Amino acid sequence: MMNIFTQHNPTKLYFGRGQISQLSTEVAHKKVLLVYGGGSIKQNGVYEDVMKELTKAEATVFELPGVEQNPRLTTVHRGVEICKSEEIDILLAVGGGSAIDCTKAIAVGAKYDGDVWDLITRKAPITSALPIGTVLTLAATGSEMNPISVISNWDTKDKLGWGSPHVFPQFSILDPTYTYSVSRKQTVYGIVDSMSHALESYFHRTRNTPMIDGFIESLLRTAIRTAPKLLEDLTSYEHRETMMYISTTAFNETLSNGTDGGDWGSHRIEHALSAVYDIPHGGGLAILFPNWLEHVLEDDPSRVKMLAMNVFGISDKGKSDIEVAKEGAKALRTFWDSLDAPNRLSDYGIDDKDIELIIDKTFIKPGVGLYKELDRESVRDILIRSM
Ligand code: NZQ
Ligand code: ZN
């Protein structure tokens with residue numbers, strides 16, 4: 001039977017062309033801290049659109065530019081300082097997952113007397129946060145409609161995921177035209193990240209979940225059909241909107257309602273990898289996830305087989321379960337290869353020198369994986385397959 005569940009996602013989503021016009025009402029007369037990355041929003045016109053709206057709203061605006069890809073604790077500290085000294089009312093993230101995740105951490109840090117790292121490491125409970133709004137410019141993480149954030153502490157080389165219902169964005173504006181300027185490479189990372197979220201949700205062990213399983217399969221088939229067309233035409237409204245809706249849906253709890261939540265072991269290994277090497281999240285997943293599939297199917301091929309048949313259309317005629325599952329894992333690898341996603345750690349110049357450190361970082365929190373709980377040996381095996 002399905003698990004009992006409560007669905008409550010408070011994020012108001014404004015989806016589609018021109019929806020930026022909703023921003024002024026959301027922030028009318030407020031003191032706003034605008035949080036963004038390395039400057040893409042100044043090149044593609046999004047900053048200008050946002051500023052027009054903020055002026056219309058008669059908002060008082062402060063800015064925190066320079067959020068890194070894999071956002072760092074030091075930047076969160078800078079944001080918390082501004083919120084406290086300027087008595088900010090609302091945070092507005094404009095960008096991809098990094099700008100949004102950094103904003104979530106600032107939002108809780110602004111309401112806490114100690115160091116925000118205590119909240120991220122769960123040494124202290126999160127009891128409140130400043131409100132957050134987002135203007136999304138990159139379809140990938142789902143952060144625009146979820147309560148999750150991932151922050152890197154570069155001093156200790158830790159990259160930690162954390163979450164709190166207090167950091168669901170109050171509203172998110174998703175205009176597919178804002179993603180037109182995302183490079184081909186970054187678009188591929190976004191596709192891989194979104195698909196990984198769906199895949200990890202798929203690897204659960206809850207019984208009687210035909211609706212959710214079918215939903216995930218449909219989302220994956222749609223991503224597989226859309227991705228090559230989008231990469232042929234990066235300014236196609238049609239394909240950008242499809243990928244944008246996929247990425248938001250893939251990680252806003254829709255795909256885990258009623259299940260045990262799925263298996264996020266690959267994400268844990270990837271976060272460890274990018275903590276040590278600062279590589280792009282989607283690039284790391286493209287390398288690791290097919291090898292995670294290969295690793296788990298040896299113990300239990302059942303769901304990899306289901307994926308192979310229902311998503312990749314592989315026939316099981318005359319084949320053992322494990323043969324079908326292996327073809328499924330290979331089909332995912334082949335598909336991501338066809339998009340030119342990275343497929344070996346050596347693509348990032350990573351060899352086995354730091355393998356024990358990556359394993360240590362993977363186990364920074366106990367319990368890695370649920371469909372298959374991984375031990376150090378399993379993580380080593382997945383990393384070695386990925387070399
Ligand atoms: O920094 P700027 O100049 O904005 O450029 C960014 C950055 O270089 C660029 N970009 C974004 N929108 C653009 C654009 N370039 C041109 N045109 C646009 N419209 O893209 C680069 C990557 O941006 P980033 O925000 O880092 O990417 P992404 O959205 O993939 O976020 C990655 C971070 O999110 C975490 C990852 O671990 C990583 O730290 N994750 C967050 C999750 C969550 N909160 O739920 C879940 C994910 O699994 C993930 O772990
Ligand atoms: Zn991810």
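Biologist: Between which strands is the loop that holds Gly-142?
Modeller: The model is predicted, with local features needing pLDDT of at least 70, side-chain atom pairs counting only at pLDDT 80 or more, and totals for chains, interfaces and linings using all residues. Residues are numbered from 1 along each chain as its sequence is written; chains are lettered from A and ligands numbered from 1, in the order in which they are written. Strands (E, at least two residues) and helices (H or I, at least four) are DSSP runs numbered from the N terminus. The loop with Gly-142 sits between E5 (132–136) and E6.

Biologist: Is Gly-142 buried or exposed?
Modeller: Buried takes 20 or more other C-beta atoms within 10 Å of the residue's own, exposed 12 or fewer, partly exposed in between, with C-beta atoms placed from the backbone. Gly-142 has 24 such neighbours inside 10 Å, so it counts as buried.

Biologist: Which residues does Gly-142 touch, leaving out those up to four places away in sequence?
Modeller: Contact means C-beta atoms, placed from the backbone, within 7 Å. By that test the partners are His-197, Ser-247, Thr-248, Ala-250, Phe-251 and Asn-252.

Biologist: Which element gives the largest share of the shell around ligand 1?
Modeller: Of the 35 residues around the ligand (C-beta, placed from the backbone, within 6 Å), Gly-37, Gly-96, Gly-97, Ser-98 and Ser-143 come nearest. Elements giving two or more residues are H2 (40–43), H5 (97–109), E6 (148–153), H7 (184–202) and H11 (281–297). The largest share, four residues, is from H5.

Biologist: How many residues of the shell around ligand 1 are charged?
Modeller: Asp, Glu, Lys and Arg count as charged; Ala, Val, Leu, Ile, Met, Phe, Trp, Tyr, Cys and Pro as nonpolar; the others, Gly among them, as polar. Ten are nonpolar and 23 polar. The charged residues number two.

Biologist: Which are the edge strands of the six-strand sheet?
Modeller: Strands pair if DSSP finds at least two bridges between them. The open, parallel sheet runs E1-E8-E5-E4-E2-E3. Two strands pair on one side only: E1 (12–15) and E3 (60–64).

Biologist: Which residue in E8 stands opposite Phe-15?
Modeller: E1 and E8 (residues 171–174) run parallel, joined by four bridges. Opposite Phe-15 stands Leu-174.

Biologist: What percentage of residues 187–385 is strand?
Modeller: An unreviewed UniProt entry lists this span as "domain: Fe-containing alcohol dehydrogenase-like C-terminal". UniProt positions follow the numbering used here, names are shortened, and annotations may be inferred rather than shown by experiment. The span is 64% helix, and its strand content is 0%.

Definitions and conventions:
Two residues are in contact if their C-beta atoms, placed from the backbone, lie within 7 Å.
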